[in-house]
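Visitor: I'd like to go through this one with you. Can you put it up and start with the terms?

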Amino acid sequence: QPSNDDLSVQIEQGKKEIAELENRRKETMDRIEAGTANGAPSKKGFNSLLKKPPTSTKARPSQKRLKKQINTMRGEWKKRRDKCMDFIDQLADGMEKKVKDVIKMLELETDEAVGAVMPPKYELDEAKPKKVKRG
């Protein structure tokens with residue numbers, strides 16, 4: 001067990017450490033307040049200082065680009081699902097069991113069991129740009 005002198009020394013060290021941390025906290029708060037006084041948003045938290053909303057339309061992807069990305073991701077999902085189901089079909093065939101039995105045996109989650117529905121594929125208007133006659 002530590003003696004009273006040891007405990008007194010530890011208490012003094014703890015008080016010094018608390019005072020040091022309090023000074024650092026105060027300096028940090030002063031810097032934050034100085035930053036908010038210069039036109040930055042105030043009292044909205046640190047995240048509002050870091051994140052700024054897009055100011056131009058170039059920052060937002062177009063509808064066409066979003067539809068292309070969704071179609072691409074949908075295609076990847078379909079490929080992976082088809083590969084997995086093909087593997088399970090082959091495994092079930094090799095085990096001479098039904099696909100449903102293999103899924104239960106391996107405790108696999110299927111899209112149907114979870115309720116995941118594949119979104120419809122977006123139709124993209126791929127109109128070719130018209131050629132301008134120069135004459």
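Guide: Helices (H or I, at least four residues) and strands (E, at least two) are DSSP runs, numbered from the N terminus. This is a predicted model, in which local features need pLDDT of at least 70 and side-chain atom pairs count only at pLDDT 80 or more, while totals for chains, interfaces and linings use all residues. Residues are numbered from 1 along each chain as its sequence is written, and side-chain values use heavy atoms, with hydrogens and water left out.

Visitor: Fine. How many helices and strands does the protein chain have?

Guide: There are 5 helices and 0 strands in the protein chain. Read from the N terminus, the order is α-α-α-α-α.

Visitor: And what share of the protein chain is buried?

Guide: Of its 135 residues, 7% count as buried. Buried means under 20% relative accessible area, exposed means over 50%, and partly exposed is in between (1.4 Å probe, protein chains only).

Visitor: How much area does the protein chain expose?

Guide: About 13,200 Å², with carbon and sulfur atoms supplying 53% of it. Accessible areas come from the Shrake-Rupley method with a 1.4 Å probe, and for residues only the protein chains shown count as cover.

Visitor: Which residues of α3 are buried?

Guide: In α3, they are N71, R74, I88 and A92. The buried residues of α3 pack against α4, where a contact means heavy atoms within 4.5 Å.

Visitor: What span should α3 have, and how far apart are its end C-alpha atoms?

Guide: With 33 residues at 1.5 Å a residue, α3 should span 48 Å, and its end C-alpha atoms are 47 Å apart, which agrees. The expected span is 1.5 Å times one less than the number of residues in the helix.

Visitor: What follows α3?

Guide: E96, whose phi is positive, near 55°. E96 is found in the loop between α3 and α4.

Visitor: Is E96 buried or exposed?

Guide: E96 counts as exposed because its relative accessibility is 73%.

Visitor: What about E107, what is its phi?

Guide: E107 also has a positive phi, about 55°, and is not a glycine. Its place is in the loop between α4 and α5. At 70% relative accessibility, E107 counts as exposed.

Visitor: Switching to charges. How many salt bridges are there?

Guide: The structure holds 4 salt bridges. A salt bridge here is a side-chain nitrogen of Lys or Arg within 4 Å of a carboxyl oxygen of Asp or Glu.

Visitor: Start with E22 and R25. What is the N to O distance?

Guide: Their side chains meet in a salt bridge at 2.6 Å, N to O. E22 and R25 are 3 residues apart in helix α1 (residues 4-37), so they are separated by about one helical turn. E22 is partly exposed at 39% relative accessibility, and R25 is partly exposed at 48%.

Visitor: And K26 with D30, how far apart are they in helix α1?

Guide: K26 and D30 are 4 residues apart in helix α1, so about one helical turn separates them. Their side chains meet in a salt bridge at 3.4 Å, N to O. K26 is partly exposed at 48%, as is D30 at 36%.

Visitor: Which residue does K78 form a salt bridge with?

Guide: K78 pairs with D82, the closest N and O atoms being 3.3 Å apart. K78 and D82 are 4 residues apart in helix α3 (residues 63-95), and therefore separated by about one helical turn. K78 is partly exposed at 34%, and D82 is partly exposed at 37%.

Visitor: Which residues form the nonpolar patch on the surface?

Guide: M95, M105, L106 and L108, with about 330 Å² of accessible area together. Patches are made of residues with over 30% relative accessible area and no salt bridge: like charges are joined within 9 Å, and nonpolar side chains (Val, Leu, Ile, Met, Phe, Trp, Tyr) within 5 Å.

Visitor: Where does L108 lie?

Guide: In the loop between α4 (99-106) and α5 (111-114). L108 counts as partly exposed because its relative accessibility is 36%.

Visitor: Last one: where does E123 lie?

Guide: E123 lies in the segment after α5, and counts as exposed at 69% relative accessibility. E123 and K68 are 55 residues apart in sequence and 9.3 Å apart in space, C-alpha to C-alpha.
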